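Subject: Structure for you to look over

Dear colleague,

Here is the structure I promised to pass on, with my notes below it.

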Amino acid sequence: QASNEAFTIFVQGARMKLFEKMHEQFAEEMSPELSKDLAEISNTIAGRGNLGKLEGVSGFLNKVFFSARYVKSIADIFIKPFDFTLDPRARAIAQIHAVKTFATIGALMFTASLFTDVGTNPIDSKFCKARIPGTNRWVDLSAGICSYITLAARQYTGKSISSSGKVTDLDDPKYGEMNRFDVLTNWATNKLAPAPSALVQYLKGKDFSGKKPTITSSLF
């Protein structure tokens with residue numbers, strides 16, 4: 001509990017410092033609207049997206065999803081740079097943040113590709129992931145950001161590549177294969193908190209690796 005509170009205080013302090021830095025940058029031309037937009041961008045960059053009308057049920061959403069605000073903050077990386085309801089100066093900061101984020105992911109992928117396999121196909125389950133040398137385990141280099149790109153790419157192309165390399169036609173799937181709706185629900189299930197995720201896996205009769213869940217595996 002103590003370490004949890006220390007982490008919360010640290011993150012809130014970092015978020016506030018980020019906002020103060022932005023505020024100082026535009027101090028001479030500050031307005032209540034710009035200040036509000038800068039606060040929203042600060043929250044987004046710090047992983048605390050604005051849930052809008054759902055803020056009132058944020059506590060419930062955090063019990064359903066692993067972190068509802070973090071999920072929204074990742075979505076905002078794609079949304080905020082094109083949100084014309086924001087002040088142009090705040091929107092410019094969001095655009096810079098998006099460019100830096102994807103440039104960092106690209107640099108990590110390039111560096112990892114020098115000594116191991118890296119997924120570069122956006123419809124592939126291994127997209128933005130690097131294989132741990134000497135194993136068949138893959139690590140996400142994007143902290144989940146690329147999963148949004150994969151979801152969009154699969155819905156756009158109607159194709160999907162599994163971790164085993166199997167290509168699926170989402171518009172004409174064979175028996176037991178995924179369709180577009182399955183891709184969407186699987187993506188959403190990945191964002192669930194541990195307890196509801198374990199429940200969904202039990203109801204489906206298989207976990208993310210395709211194995212039948214047990215009480216032991218669910219507790220783990």
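There are 3 aromatic pairs in this structure, which is a predicted model. In one of them, the ring centres of Phe-78 and Phe-102 are 5.4 Å apart and the planes meet at 55°, so this pair counts as tilted. The two residues are 24 positions apart and belong to distant parts of the chain, with Phe-78 in helix H4 (residues 68–79) and Phe-102 in helix H5 (residues 88–113). Phe-78 is partly exposed, at a relative accessible area of 29%, and Phe-102 is likewise partly exposed, at 32%.

Phe-78 also pairs with Tyr-148, and here the rings are stacked, with 6.1 Å from centre to centre and 25° between the planes. Because Phe-78 sits in helix H4 and Tyr-148 in helix H6 (residues 146–157), this pair ties together parts of the chain that are 70 residues apart in sequence. Tyr-148, at 12% relative accessibility, is buried. Taken with Trp-187, the residues Phe-78, Phe-102 and Tyr-148 make up one aromatic cluster.

Tyr-148 leads on to the nonpolar cores. The largest nonpolar core has 18 residues, and those touching the most other members are Ile-105, Met-109, Val-118, Cys-128, Ile-145, Cys-146 and Tyr-148. At least two residues of this core come from each of H4, H5, H6 and helix H7 (180–190), and H5 contributes the most, with 4 residues. If residues up to four places away in sequence are left aside, Val-118 is in contact with Met-109, Ala-112, Ser-113, Lys-129, Ala-130 and Trp-138. Another core, of 10 residues, lies apart from the largest one, and its members include Met-22, Phe-26, Leu-38 and Ile-41. As general background, nonpolar side chains in soluble globular proteins tend to be buried together.

Which cysteines are joined by a disulfide? The structure has 1 disulfide, and it joins Cys-128 to Cys-146, with the sulfur atoms 2.1 Å apart. The torsion about the S-S bond of Cys-128 and Cys-146 is about -55°, so the disulfide is left-handed. This link, too, connects distant parts of the chain, since Cys-128 is in the loop between H5 and strand S1 (129–131) while Cys-146 is in helix H6, 18 residues apart. Cys-128 and Cys-146 are both buried, and both are among the residues that touch the most other members of the largest nonpolar core.

With best wishes

How values were computed: Residues numbered from 1 in each chain as written. Predicted model: local features only at pLDDT ≥ 70, side-chain atom pairs only at ≥ 80, totals over all residues. Heavy atoms only, no water. Phe/Tyr/Trp six-rings, centres within 6.5 Å; stacked < 30°, edge-to-face > 60°. Buried < 20%, exposed > 50% of the residue type's maximum accessible area, 1.4 Å probe, protein only. Core = buried A, V, L, I, M, F, W, Y, C linked by side-chain atoms within 4.5 Å. Contact = heavy atoms within 4.5 Å. Disulfide = S-S within 2.5 Å.
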